[in-house]
Amino acid sequence: MAGGSGRPCSPLRVLLGMVAVAAAGWGALAGVKVYVKVFTNSPLLVCMDLSLSQEEIIDPKYLWIGPDGKNLEGQIYANLTETGKLMLMGFKESMSGAYTCTLSRRIIETMTQEEVDVFETYKFMLYAYREADHAYQISVRFTTKGCELAANAQFFEELKKILDNIISDLTCHIIESSYKCHSIRIPNQGLLHELFFTFQVNPFAPGWEEVCQQVPYDCEDATNVKVQEARDRIGEFFSRQTYALKHEFQTAPTIHYVDNSFSVTYVDSCQPGFGKNDITHQNCAGCCVVCEPGTYSPNNAVTCHVCTRPHIKKYGAKFC
């Protein structure tokens with residue numbers, strides 16, 4: 001499960017992460033998957049299974065080993081408790097990997113008082129993740145008198161300028177905009193002509209880097225909030241077009257908005273070195289999870305590609 005904080009669902013991920021490690025994480029012989037948001041602290045990893053936690057333990061000793069094979073005791077990023085719990089501080093993608101804990105304890109035979117040392121090993125697979133960067137693909141429709149009118153292209157350009165101006169203070173902008181004109185036969189209305197507009201509301205307008213410098217650590221939370229606000233403003237703009245047509249115009253303009261044609265879909269992207277895999281990482285579906293060794297992601301897509309050079313063994317590779 002995931003740890004850390006981020007967009008509105010992240011606190012739930014934190015809670016589920018705690019439960020996973022404190023409950024499902026017991027008896028982690030097969031390796032419990034734990035997802036930790038970059039730059040946050042991991043949930044507590046418990047070096048014990050559920051049944052053993054209900055018993056008296058004599059002379060317990062705990063040995064935590066990190067992905068690099070080194071003892072975690074004394075490492076500045078590892079917070080170890082005397083009861084064998086581990087919290088990793090300021091998690092980075094390079095800290096992803098297998099963490100194992102060996103619990104040694106002593107069993108004393110009641111009859112003979114013979115002492116026997118017993119060892120139990122528990123494994124956790126930790127993965128750094130980020131929230132996806134959001135953009136919104138929007139489509140709207142406008143009626144027009146004909147598909148060959150020069151006014152159609154002029155209207156398209158003016159509409160882009162208006163929408164960009166509405167969201168410019170959020171360092172968001174309109175990209176990948178286009179339009180097509182289609183003739184549509186509507187029952188009882190004959191043949192109509194409509195302009196089909198599509199565009200993307202993107203959070204990375206010029207100046208967004210400066211905004212991110214004011215945000216500690218990861219910036220996708222800030223950009224996601226801004227692009228959501230931009231989407232809402234644009235939705236409100238088109239909603240006002242419906243009101244204006246009904247209440248402010250005696251005769252509808254030549255080109256005017258088609259009521260209820262506003263449609264929005266999510267477009268997610270991951271930062272380089274991260275990707276989505278809802279099958280492998282079901283407990284962090286929708287997360288951008290660090291690319292595993294042998295895979296890489298060089299751009300802002302959502303897929304970690306298999307590397308043709310198997311010697312690439314680090315997590316979060318951006319190139320192969």
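In the predicted model, the largest nonpolar core comprises 36 residues, of which W64, L86, L88, F91, Y99, F124 and L126 touch the most other members. A nonpolar core is here a set of buried Ala, Val, Leu, Ile, Met, Phe, Trp, Tyr and Cys residues joined through side-chain atoms within 4.5 Å. At least two residues of this core are supplied by each of β2 (32-37), β3 (45-46), β6 (85-88), β7 (97-108), β8 (115-130) and β15 (288-290); strands are DSSP runs (E, at least two residues) and helices likewise (H or I, at least four), numbered from the N terminus. The most is given by β8, with 7 residues. Another core, of 22 residues, lies apart from it and includes Y136, V140, I255 and Y257.

H134 is located in strand β9 (residues 133-144). With a relative accessibility of 6%, H134 counts as buried, the classes being buried under 20% relative accessible area, exposed over 50% and partly exposed in between (1.4 Å probe, protein chains only). The side chain of H134 forms a polar contact with that of D268 at 2.7 Å. Such a contact is a pair of N or O atoms within 3.5 Å; within protein, one must be able to donate a hydrogen and the other to accept it, and residues adjacent in sequence count only if both atoms are side-chain atoms.

K145 occupies the loop between β9 and α3 (150-167) and is exposed, at 63% relative accessible area. Residues up to four places away in sequence being excluded, K145 touches H193 and T254 (contact: heavy atoms within 4.5 Å). The C-alpha atoms of K145 and E194 are 8.3 Å apart, although 49 residues separate the two along the chain.

Residues are numbered from 1 along each chain as its sequence is written, and side-chain values use heavy atoms, with hydrogens and water left out. As the model is predicted, local features need pLDDT of at least 70 and side-chain atom pairs count only at pLDDT 80 or more, whereas totals for chains, interfaces and linings use all residues.
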